[in-house]
Amino acid sequence: MVSAVIYPKRHSALAKSFWQHTGDGISSRRAELCHRAFNDGFLAPRVDDSDDNDQVHCAYHKSIKGPLRYQKARLTDGPEEPARTRADSLQEEKQQSKDDSILFVEERYGRNLDLSRAGQAKTAIRRRIAGALTADVDLNHMADIVCTDDSMRKVPGFSEEDVYLYPSGMSSIFNTHRIMMTARGNMKSICFGFPYIDTLKILEKWGPGCLFYGNGSAEDLDDLEKRCEEGERYLALFCEFPGNPLLKCPDLARIRALADRFDFAVVVDETIGNFLNIHVMPHADVVVSSLTKVFSGDSNVMGGSSILNPLSRYYQALKRKMETEYEDNYWAEDALFMERNSRDFVSRIARINVNAEAICSTLKASKYGYSTRPFYEQYRSPTGGYGGLLSVTFRARAEAIAFYDALDTAKGPSLGTNFTLRFVNPEDERQHLSNAK
C-alpha cells in the first residue's frame with residue numbers, strides 16, 4: 001500500500017523535516033514497482049486490510065510469466081485495451097529491452113531471488129542480527145542451520161523475535177524514539193556525544209526536545225548526574241558506540257549506572273562498531289543499527305534494525321507497544337537484496353578489521369594520524385577488531401591535500417562499503433565543535 005499526505009503550505013517546513021530526518025518513506029524499488037503498476041493500470045484502492053506488503057508485491061510479479069519482452073501482466077480481468085500504435089509498440093519494446101538488461105545483471109550476480117521468499121529473507125536477516133546465524137548460506141539451506149539460544153549477543157532470553165526491521169537506519173531510530181515515548185510518556189531525551197546529525201534532529205523536533213551533550217565527556221556525565229539529582233527526569237539517552245565520524249566512545253558503564261539510578265532508558269547505535277566487534281547489549285535497553293552500511297556492504301539497498309534487550313526494566317512495556325504499534329514496512333525486494341548481501345557479513349568484517357588496522361598503524365607510525373577508542377577495549381568482543389572507519393586529522397592543510405590527492409580510492413561521504421571510500425570535509429570538525437557548544 002502507498003499513501004500520500006496532503007498538508008497546508010504553512011506546514012511545509014515540518015513535512016520537509018519529517019521527510020529529511022525520519023528515514024520513513026518509499027524505497028526506490030518500491031517506487032519503481034508502483035510506478036510500473038500505475039502505468040500498466042494495475043493500481044487500485046485497497047479493500048482488504050489483511051494483505052501485507054509482501055503479498056501485494058508478489059501478486060503483481062507472479063502474474064508475469066516468460067521473458068519480459070513477451071510479458072503481459074494482469075492482476076484481474078478487465079476491459080480490452082485499445083489498439084496500440086507502431087510508436088507505442090516500439091517504445092514498449094525499448095523499455096522491455098532495458099528491463100531485460102537489468103534483470104540479466106541481477107540474475108548474473110545472484111541478486112534476483114524469488115519474491116515469494118521475502119518472509120524467509122527477513123527471518124534470515126533477523127537471525128544474523130541476533131547473532132544466531134553466522135554461516136554463509138542461501139535461503140535454500142537456511143533450514144539446515146540449527147539456530148540455538150547461545151547467540152553472539154550473550155543475553156539470556158534474547159531471540160530473533162526481539163529484532164525488528166525497518167526501511168532504513170534512521171527509521172529504526174525514529175521509531176524507537178516514538179515507541180519509547182508511547183510506552184513511557186513524553187519526556188525529554190538525552191543525546192550524548194555528537195551523533196549522525198539526523199539522530200539529534202529527531203530528538204529535538206519530535207517530542208519535548210532533548211538535552212544535548214556534544215562532547216560526550218566525563219564532565220557531561222557529571223552535569224547530567226547533577227540535573228537528575230535536582231529532580232529532572234528523562235525519557236532515554238541516545239548514543240553511538242563509537243561515534244561517527246570522530247570515533248569517540250562513551251562511558252557505557254557509568255551511563256548504565258545513572259540510567260538505573262534515575263530511571264531513563266539507554267539506546268545505543270552500534271552501526272560503526274557492529275556486534276561482531278563490540279558487545280554493548282547488556283548495557284542498553286535498545287540497540288539500533290543502520291543495515292545500509294557494513295551489514296549490506298554493497299551500497300545497493302537500505303535497511304535498519306532495532307533490538308530489545310529482554311533484561312531491560314522496560315522490556316515488557318516496549319514489547320507490548322511493539323505488538324500494537326510496529327508495522328513491518330520493509331519492502332520485499334529490499335529484504336531479498338539485504339539478505340543476499342549480508343551472507344558473508346562475518347568474513348567481510350574480519351577482513352575489514354585487518355585492513356583498517358593496518359592502515360591505522362601506518363598512519364600512527366608516520367605521526368600523521370590518530371585513532372580514538374576510550375572505553376572501546378572494555379566492550380570489544382574476544383575476537384573483535386576495531387571496524388572499518390578511520391578518522392584522521394592532519395597538522396597542516398597542505399599535508400591533508402597531498403594525502404587526499406595521492407590516495408587512490410573512490411570518493412564518497414559514506415562508510416561500510418565493500419570498497420574503500422575517502423571523504424574530506426574541512427568544515428567537519430569546526431561544525432562538530434560549533435554544534436557541541
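User: What makes β1 and β7 a pair, and in which sense do they run?

Analyst: This is a predicted model, so keep that in mind throughout. Two strands pair if there are at least two bridges between them. β1 and β7 (residues 304-308) have four bridges, in the antiparallel sense, so they count as paired. Within this pairing, L165 stands opposite S305 of β7.

User: Why is β1 called an edge strand?

Analyst: β1 (163-166) pairs on one side only, and β3 (210-213) is the other edge strand. The open sheet has seven strands in the order β1-β7-β6-β5-β4-β2-β3, with mixed pairing. On average, neighbouring strands of this sheet are turned by 20° against each other, direction ignored.

User: Which helices lie across β1?

Analyst: Helix α6 (residues 169-184) does, and it also lies across β2, β4, β5, β6 and β7, running at about 155° to β6. Helix α10 (residues 315-325) lies across β1, β6 and β7, at about 135° to β7.

User: How do you describe the packing of α6 and α10?

Analyst: Two packed helices are described by the angle between their axes and the distance between those axes. For α6 and α10 the angle is about 115° and the axes are 9 Å apart. The crossing of α6 past α10 is right-handed.

User: Which residues bring α6 and α10 together?

Analyst: From α6 there are R178, I179, M180, T182 and A183, which meet A317, L318, K321, M322 and E325 of α10. By class, that contact has six nonpolar, one polar and three charged residues.

User: Why is α11 called largely enclosed?

Analyst: Nine of the ten residues of α11 (residues 332-341) are buried, so the rest of the structure largely encloses this helix. Among the buried ones are L336, F337 and M338, along with the charged E333, D334 and E339.

User: Why does C34 count as buried?

Analyst: Buried means under 20% relative accessible area. C34 has 16% relative accessibility, so it counts as buried. C239 has a relative accessible area of 5%, so C239 is buried too.

User: How do you know that C239 is in no disulfide?

Analyst: A disulfide needs two cysteine sulfur atoms within 2.5 Å. For C239 the nearest cysteine sulfur is that of C191, 9.0 Å away, so C239 is in no disulfide. By this rule, the count of disulfides comes to zero.

Technical notes:
Residues are numbered from 1 along each chain as its sequence is written. This is a predicted model: local features need pLDDT of at least 70, side-chain atom pairs count only at pLDDT 80 or more; totals for chains, interfaces and linings use all residues. Side-chain values use heavy atoms; hydrogens and water are left out. Helices (H or I, at least four residues) and strands (E, at least two) are DSSP runs, numbered from the N terminus. Axes are lines fitted to C-alpha atoms, for helices over the stretch in contact, and angles run from 0 to 180 degrees between N-to-C directions. Contact means heavy atoms within 4.5 Å. Buried means under 20% relative accessible area, exposed over 50%, partly exposed in between (1.4 Å probe, protein chains only). A crossing is left-handed if the near helix is turned anticlockwise from the far one by less than a right angle, and right-handed if clockwise.
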